[in-house]
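Good morning, and thank you for coming. I would ask you to look at the sequence and the structure together while I speak.

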Amino acid sequence: MALDCESDPGWQFLRLSREQIAKISSTRTLYLLQDQAASYDSKKDVWIPDKAEGYIAAQIVSTKGDQVVVQTGDGNEKTLKKDFCTQMNPPKFEKTEDMSNLTFLNDASVLHNLRARYAAMLIYTYSGLFCVVINPYKRLPIYTDSVAHMYMGKRRTEMPPHLFAVSDEAYRNMLQNHENQSMLITGESGAGKTENTKKVPMEMNLNRICLSLTKRFLHSKIEEYC
């Protein structure tokens, strides 16, 4: 099943294999394999506020009272209050699919993870029960019937983050529990709310058609043996 998924044109925009990531360079992020092999010190590696980027990575060089001296990636040293330093997650969480798994869940880590995934064109990311999507401002082959089929009947943990996983879960809950389901799609203007809303009935309708065809097939087989 995994091999079938990886052969789909849209798979590269849903989950990258370690081999693929090793070949893909980015001007904004390091290779994932290099990131995960990087040295990490939970007591020294931190995020600090930055006017241009929001937060940048730094390493604590020295501490004196409530003041710390940090060194940024470009070699510059800055002195700031210790309270302004935010803990950094271990490299193994780089581009994680579900941010609720982060050791340190803070604004800087959330921003970095979303930014790193977006740079790799992985626009969907889970945050617990929520699914965060960032508008790619271009069409990606991740809303095709073949991609929708991948998510049918699958648990959320089995597949990469996607709107189809959320809508499929709602559809199955509706059938199994016989209760109405609701989905809240919210965001700023231009975030992609309308486009994502259009995809929900498309996936559910495909689900309904497949279920109907399956029932017809089973019914015909039963009639053959009767």
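Let us begin with cysteine 85, which lies in the loop between strand 4 (77-81) and strand 5 (86-87). Please keep in mind throughout that this is a predicted model. Is cysteine 85 buried or exposed? With a relative accessible area of 16%, cysteine 85 is buried, because the limit for that class is under 20%. Which residues does cysteine 85 touch, leaving aside those up to four places away in sequence? They are Val46, Trp47, Ile48, Val68, Val70 and Leu80. Take valine 70 from that list: 15 residues separate it from cysteine 85 in sequence, and the distance in space is 9.3 Å, C-alpha to C-alpha.

Along the sequence, they follow the pattern α-α-α-β-β-β-β-β-α-β-β-α-α-α. Of the 226 residues in the protein, 36% are buried. If we take contacts between residues at least 6 apart in sequence, 47% of them join residues at least 24 apart.

The next loop to consider runs between strand 5 and helix 4 (107-119), and asparagine 101 has its place there. Asparagine 101 has a relative accessibility of 47% and therefore counts as partly exposed.

Lysine 95 is buried, its relative accessible area being 11%. Histidine 178 is found in the loop between helix 6 and helix 7. Is histidine 178 buried or exposed? Its relative accessible area is 70%, so histidine 178 is exposed.

I turn now to the aromatic rings. How many aromatic pairs are there? The count comes to 2. In one of these pairs, the ring centres of tyrosine 143 and phenylalanine 164 are 6.1 Å apart. Why is this pair called edge-to-face? The planes stand at 85°, and an angle over 60 degrees places a pair in that class. Tyrosine 143 belongs to the loop between strand 7 (130-133) and helix 5 (145-151), while phenylalanine 164 belongs to helix 6 (residues 163-177). The pair therefore ties together parts that are 21 residues apart in sequence. The two partners can also be described by their accessibility. Tyrosine 143, at 22% relative accessibility, counts as partly exposed, whereas phenylalanine 164, at 0%, counts as buried.

Phenylalanine 164 also forms an aromatic pair with tyrosine 151. This pair is edge-to-face too, with 6.5 Å from centre to centre and 75° between the planes. Tyrosine 151 is in helix 5 and phenylalanine 164 in helix 6, so the pair links parts of the chain that are 13 residues apart. Both tyrosine 151 and phenylalanine 164 are buried. Taken together, Tyr143, Tyr151 and Phe164 form one aromatic cluster.

Charged side chains also meet aromatic rings in this model. Over the ring of tyrosine 143 sits the charged end of lysine 199, 5.0 Å from the ring centre. Arginine 156 lies over the face of tyrosine 126, and here the distance to the ring centre is 4.0 Å.

Finally, I come to the empty space. Rolling a probe the size of a water molecule over the atoms shows where such space is left. The second largest pocket holds about 720 Å³ of space. Its lining consists of 23 residues, and those closest to the centre are Leu129, Phe130, Cys131, Val166 and Leu184. Strand 7, helix 6 and helix 7 (193-225) are the elements that give two or more residues to this lining. Which element gives the most? Helix 6 does, with 5 residues. By kind, the lining residues of this second largest pocket divide into 13 nonpolar, 7 polar and 3 charged.

To close, I would ask you to return to helix 6 on the screen. Helix 6 holds phenylalanine 164, and helix 6 also gives the most residues to the lining of the second largest pocket. Thank you for your attention.

Key. Residues are numbered from 1 along each chain as its sequence is written. This is a predicted model: local features need pLDDT of at least 70, side-chain atom pairs count only at pLDDT 80 or more; totals for chains, interfaces and linings use all residues. Side-chain values use heavy atoms; hydrogens and water are left out. Rings of Phe, Tyr and Trp (its six-membered ring) pair if their centres lie within 6.5 Å; planes under 30 degrees apart count as stacked, over 60 as edge-to-face and the rest as tilted. Helices (H or I, at least four residues) and strands (E, at least two) are DSSP runs, numbered from the N terminus. Buried means under 20% relative accessible area, exposed over 50%, partly exposed in between (1.4 Å probe, protein chains only). A charge sits over a ring if NZ of Lys or CZ of Arg is within 6 Å of the ring centre and within 35 degrees of the ring normal. Contact means heavy atoms within 4.5 Å. On a 1 Å grid over the protein atoms alone, a cavity is a set of points where a 1.4 Å probe fits but cannot get out, and a pocket is an open set with protein on both sides within 12 Å along at least five of seven lines; lining residues have an atom within 4 Å of a point. Grid points are joined across faces, edges and corners, and a volume is the space filled by probe spheres set on the points. Ala, Val, Leu, Ile, Met, Phe, Trp, Tyr, Cys and Pro count as nonpolar, Asp, Glu, Lys and Arg as charged, and the others, Gly among them, as polar.
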